[in-house]
Structures are given as C-alpha cells and as structure tokens.
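Please keep the sequence and the model open while working through the points.

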Amino acid sequence: MKKNYFYIILVAFFLFSASLFAQEAKGSSGTTIEGLNIYPNPTNGDKIYITSKSTQDKEVEIFDVLGKRILQATLNSKELNIANLNAGVYIIKIKEGEASATRKLIIK
C-alpha cells in the first residue's frame with residue numbers, strides 16, 4: 001500500500017511540475033532570468049543562495065510536491081533561509097521583474 005502512495009505522489013509531482021512550466025511559458029514577457037543560479041542544490045543546510053546577473057529583488061515561492069505553497073519571500077540579497085523545510089523534493093519559482101524561472105530544489 002505504501003508503494004501505491006509513493007507512485008501517486010510521484011505522478012502528482014510530475015503533473016504539478018508540468019503545470020508550473022506551462023504557466024511560466026504563458027507569462028506576459030516570456031523571458032527567463034539571465035544567469036540564474038541556485039546553490040547548493042541538492043542541499044542539507046539551512047540556507048540556499050539565489051543569484052543572477054541582475055540586482056533586482058527576487059520574489060521566491062517554494063511549493064511541495066502536491067502544489068501547496070509552503071514558503072514565500074522577497075529577497076534583496078542572495079540568501080534564502082530554508083531551515084523550516086523538511087527533507088524532500090520541492091519546486092522553487094523565482095520572479096525578477098518581468099522575468100521568471102522554475103527549478104527543482106532537493107533538500108537532503
């Protein structure tokens with residue numbers, strides 16, 4: 001029975017990921033964030049760092065595999081505290097001005 005739950009969660013994750021990428025493609029500008037870097041990824045620490053070529057503030061949202069937003073923050077530096085997140089696979093969406101990007105985040 002546990003195996004079935006795993007497959008259901010895995011399918012939900014892939015459907016959610018596809019949905020986020022489709023929504024990103026429909027954006028008004030259609031641009032991605034130039035030079036975006038999220039590190040360390042995978043991580044086992046309490047912080048990740050998000051950098052790009054721009055110095056604009058970044059709006060960050062993190063979603064679990066079921067699509068529930070579990071963290072939302074606006075960064076004016078490159079450091080994001082993720083100490084409250086459990087180990088697992090997440091989707092991180094970053095918006096910088098009119099540009100946006102979606103990536104997978106793994107916390108060990």
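1. In this predicted model, the side chains of K53 and E34 form a salt bridge, in which the closest N and O atoms lie 3.4 Å apart. The two residues are 19 residues apart and the pair links distant parts of the chain, since K53 belongs to the loop between β2 (47-51) and β3 (58-63), whereas E34 belongs to the loop between α1 (2-25) and β1 (37-39). Both K53 and E34 are exposed.

2. A second pair to look at is E79 with K47, whose side chains meet in a salt bridge at 3.3 Å from N to O. Here too distant parts of the chain are linked, with E79 in strand β5 (residues 79-81) and K47 in strand β2, 32 residues apart. E79 has a relative accessible area of 36% and is therefore partly exposed, because that value falls between the cut-offs of 20% and 50%. K47, also at 36% relative accessibility, counts as partly exposed.

3. K58 and E96 form a further salt bridge, and their closest N and O atoms are 2.8 Å apart. This pair links distant parts of the chain, joining K58 in strand β3 to E96 in strand β6 (residues 88-96), 38 residues apart. Are these two residues buried or exposed? K58 has a relative accessibility of 5% and so counts as buried, because buried means under 20%. E96 is buried as well, with a relative accessible area of 6%.

4. For the overall tally, the count comes to four salt bridges, among them the pairs K53 with E34, E79 with K47 and K58 with E96.

Key: Residues are numbered from 1 along each chain as its sequence is written. This is a predicted model: local features need pLDDT of at least 70, side-chain atom pairs count only at pLDDT 80 or more; totals for chains, interfaces and linings use all residues. Side-chain values use heavy atoms; hydrogens and water are left out. Helices (H or I, at least four residues) and strands (E, at least two) are DSSP runs, numbered from the N terminus. Buried means under 20% relative accessible area, exposed over 50%, partly exposed in between (1.4 Å probe, protein chains only).
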